[in-house]
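Dear colleague,

I am handing over the structure we spoke about, and below it you will find what came out of going through it. Please read the text with the structure open beside you.

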Amino acid sequence: MSTPARKRLMRDFKRLQQDPPAGISGAPQDNNIMLWNAVIFGPDDTPWDGGASSDVDNYKTIDCKLYGWLHESHTCHNLLAYSLEHSKQRAVYRTFKLTLQFTEDYPNKPPTVRFVSRMFHPNIYADGSICLDILQNQWSPIYDVAAILTSIQSLLCDPNPNSPANSEAARMFSENKREYNRRVREIVEQSWTAD
Amino acid sequence: MDSEDEMAAMMEDSNDDEEFYVGGGGYGDDDSDSDGVVMDYDGFMDHDSDDSDDLSSSHLHYHHRSQNYTILDEDDIRQCQEESITKISTVLSISRVAAGILLRHYNWSVSKVNDEWFADEEKVRKTVGLLENDSPLPDVKELTCGICFETYPRDRMSAAACGHPFCVICWQGYVGTAINDGPGCLMLRCPDPSCGAAIGQDMVNKLASNDDKEKYNRYFVRSFVEDNRKTKWCPAPGCEYAVDFVVGSGNYDVNCRCSYSFCWNCVEEAHRPVDCGTVSKWILKNSAESENMNWILANSKPCPKCKRPIEKNQGCMHITCTPPCKFEFCWLCLGAWTEHGERTGGFYACNRYEAAKQEGAYDDAEKRREMAKNSLERYTHYYERWATNQSVKTLLAMLGLFWFTGLDFLFGYLNIFFGLFYSISYEQQILLEKLSDIQCQPESQLKFIVEAWLQCFILDALYILRYAEYLSALFVNLIVECRRVLKWTYAYGYYLPENEHAKKQFFEYLQGEAESGLERLHQCAEKEFQVYLNSEGPSKDFNEFRTKLAGLTSLFSVSVDIFCQQLIGAGVTKNYFENLVRALENGLSDVDSDAVCRQAGSSKNVGSGSGKGRGGKGKGPTSRSNSSRNIDDSTHWSCEYCTYANVRSPTVCEMCQQRR
């Protein structure tokens, strides 16, 4: 049975595979196309990028972890290739995991997106929910999964302290940038070890 | 006919007292034209009776007050909407759909739309989403939908004025979802986030399902009332009317066609003489937890150990808190029980407390408790009286029903006689025979006369009954209205500042007078009319029939008399209430402290007497004539029947024309 929502989701997935935007990947779970797992790379030259590491083992580690997460070997392969290609022999890009829950109203209604990894960001709640306008009232049926993930990625570096989901992070971002960056790096490291 | 003459005479009197009978009721339907004539007179309902044609203007002399509000039903709303759209559409030379969108955006204010449009058309177009040109779809055989990314032939695609193409299936989903999300669908824009082209009713009609179209239409009509600052829905449950109000004099009372009266400003029930701010404070206070907290503070003490509030309702001073606390202490001084006992004065007193009180150690807590108690008592005093009047209103509504039922019963009774009389021909025959014997006239002529006479009588009786129904409706409504005013005076009294003693005394005096007037009206309504409800069923015996008929005639004339007097009495009370309302609205600014103290002193005597029930016809205790309404007894006198305080005429009451 193929409802408009499912048809559209299949098309989104195909597009994501054929023409993936930089630093983003996602795939539906095996038995449920309405629930997706996705990863976002921390943007370059930001505290979110996880620092440098030239350890080859780490690459392998990423490979296994991402594989486990995404359940799609060819996607993993792509990611690995990507990370190797763009690593410039230094960075292991830090990845952040998310889930996207779709409904039969898609694309007329937005999915529910939340971070699985622990985040420290002014617009991300403690439970991982994201405060983003296109996911609420500014949603349009034209946005697809790639667009959603891209805008979340740009949100990481451009928070909006006026609608704080995490008041501590928002305050720190406005007042003490260095402390904020330090906390971000800390959390990136923590989640890394927690994997 | 005697009854007819009396009826005519009474109506002549009524014409003179025009001020009172102005509430002629709204005859005929309220047209969709906004100049509909609906009577607006405080305290009188809009009596929209269909059979009002009988009571036409030839008998009742009502005048039109300048109306500051109009009642609109759904058709009226639609019509107003259409008119506004037509106006804008012609003046601005745009389509009706575009005009509709514009108007909705500017809250249905035609003047605002005109101002903004001619000030900066570009800006308006951009804000509202009205594009100048209508871009057609690209002229290719097939197009790709921007939502589902499938390709379809050109005729299965559609676009707004911006030209962004989407397939009709996706359009239906998009519009349907928006409509199901609520009235936000009226501000729908193109799905493309960078484009703000507005989607109007024409596109919705083209692309949505029938159910959704219906829903959209309903939201559109409702928007005229909800987005428009000049109209509001009537808050009565189940009422579908809206009220268009012209803000002017400051009196916001509105009588809806469904007979519910409310204040247009705050959409609560009508609450003269208090202002809207006080009303909302009062309602908040009634519902808020603050009073509960006050009660707890006033009537309970916290356990010294676990701090939970404890109320002591009997027994000795040795308190053991409930588990898990189980702390034992003395209620009086809240100290541990282990230090109490015989030494400290026994189990019912507490030396330590007395000593401590003398030292002033417990003053603060005690003071707080005292204050809480006092404020609670004061609030309870006013609240109870307010609430009683609230429930009295339902009693009154039932009373009104009771009264109407009585009238209906009489009406039915009369109908039965009417039918009976014409169906029982032999009685007619007997009557004719008897009459022809008496009158020595031929039967045929008599028959004609008798029949004509009977018809006239029946019709007159019907007429009288209708009129009586109408008057009694006014009467009952007057009582309801006075009750409502009285209820809100209690809220007013609560918010009077404590230190203004003169005002307070004057206020309480006014209130007392109002209450006693109202009690009298109540007595009239309940007692007097009881008598006329004891009717027996129709009888076949002609003699009984004749007596009954005669009885009915006199009954009607007498009841009309009673009505008259009661209504005059009601008119006096009504005037009095109007004065009270006006005085309170002026903030009791015209208070003369000397006069007040004198009046207040004697009002105490009257106040205690007014609580007891009195007979209806104003046979009040003679202390009334000494009442503080007359400052100087020698030039004023109170009529015994209607209690009007006569000044000018020495022997005949001005109001009810009774001799002194």
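In this model, which is predicted, A:Arg8, A:Arg11, A:Asp12, A:Arg15 and A:Asp144 are joined in a network of salt bridges. One of the pairs in chain A is that of A:Asp144 and A:Arg15, whose side chains meet in a salt bridge with an N to O distance of 2.7 Å. Because A:Asp144 sits in the loop between strand 4 (112-115) and helix 4 (145-157) while A:Arg15 belongs to helix 1 (residues 4-18), this pair ties together parts of chain A that are 129 residues apart in sequence.

Turning to chain B, the side chains of B:Arg125 and B:Glu121 form a salt bridge with an N to O distance of 3.2 Å. Both residues lie in helix 6 (residues 121-128) of chain B, where they are 4 residues apart, or about one turn of the helix. Here B:Arg125 is buried, with a relative accessible area of 13%, while B:Glu121, at 31%, counts as partly exposed. Over all chains, the structure holds 20 salt bridges.

How many salt bridges are found across the interface of chain B and chain A? The rule finds 1, and in it the side chains of A:Lys109 and B:Asp181 meet with an N to O distance of 3.2 Å. On the side of chain B that touches chain A, helix 7 (residues 168-180) of chain B gives the most, with 3 residues. By class, that side of chain B has 7 nonpolar, 3 polar and 3 charged residues. Between the two chains, 5 residue pairs are in polar contact, both residues being at pLDDT 80 or more.

The contact as a whole takes 13 residues from chain B and 10 residues from chain A. Together the two chains bury about 940 Å² between them, with 65% of it on carbon and sulfur atoms. Of the area that chain B buries against chain A, B:Ile147, B:Phe149 and B:Pro193 supply 47%, more than any other three residues.

Finally, some figures for each chain. Chain A has 6 helices and 4 strands, and from the N terminus on its elements run α-β-β-α-α-β-β-α-α-α. Of its 195 residues, 48% are buried, and the accessible surface of chain A comes to about 10,000 Å², of which 48% belongs to carbon and sulfur atoms. Among the contacts in chain A with a separation of 6 or more, 69% are between residues 24 or more positions apart.

Chain B has 18 helices and 15 strands, and buried residues make up 45% of its 660 residues. Its accessible surface comes to about 34,600 Å², with 51% belonging to carbon and sulfur atoms. For chain B, residues 24 or more positions apart account for 58% of the contacts with a separation of 6 or more.

With best regards

Technical notes: Residues are numbered from 1 along each chain as its sequence is written. Chains are lettered from A and ligands numbered from 1 in the order in which they are written. This is a predicted model: local features need pLDDT of at least 70, side-chain atom pairs count only at pLDDT 80 or more; totals for chains, interfaces and linings use all residues. Side-chain values use heavy atoms; hydrogens and water are left out. Helices (H or I, at least four residues) and strands (E, at least two) are DSSP runs, numbered from the N terminus. Buried means under 20% relative accessible area, exposed over 50%, partly exposed in between (1.4 Å probe, protein chains only). Contact means heavy atoms within 4.5 Å. Accessible areas come from the Shrake-Rupley method with a 1.4 Å probe; for residues, only the protein chains shown count as cover. Buried area is the accessible area (1.4 Å probe) that two parts lose on being put together, summed over both. A salt bridge is a side-chain nitrogen of Lys or Arg within 4 Å of a carboxyl oxygen of Asp or Glu. A polar contact is a pair of N or O atoms within 3.5 Å; within protein, one must be able to donate a hydrogen and the other to accept it, and residues adjacent in sequence count only if both atoms are side-chain atoms. Ala, Val, Leu, Ile, Met, Phe, Trp, Tyr, Cys and Pro count as nonpolar, Asp, Glu, Lys and Arg as charged, and the others, Gly among them, as polar.
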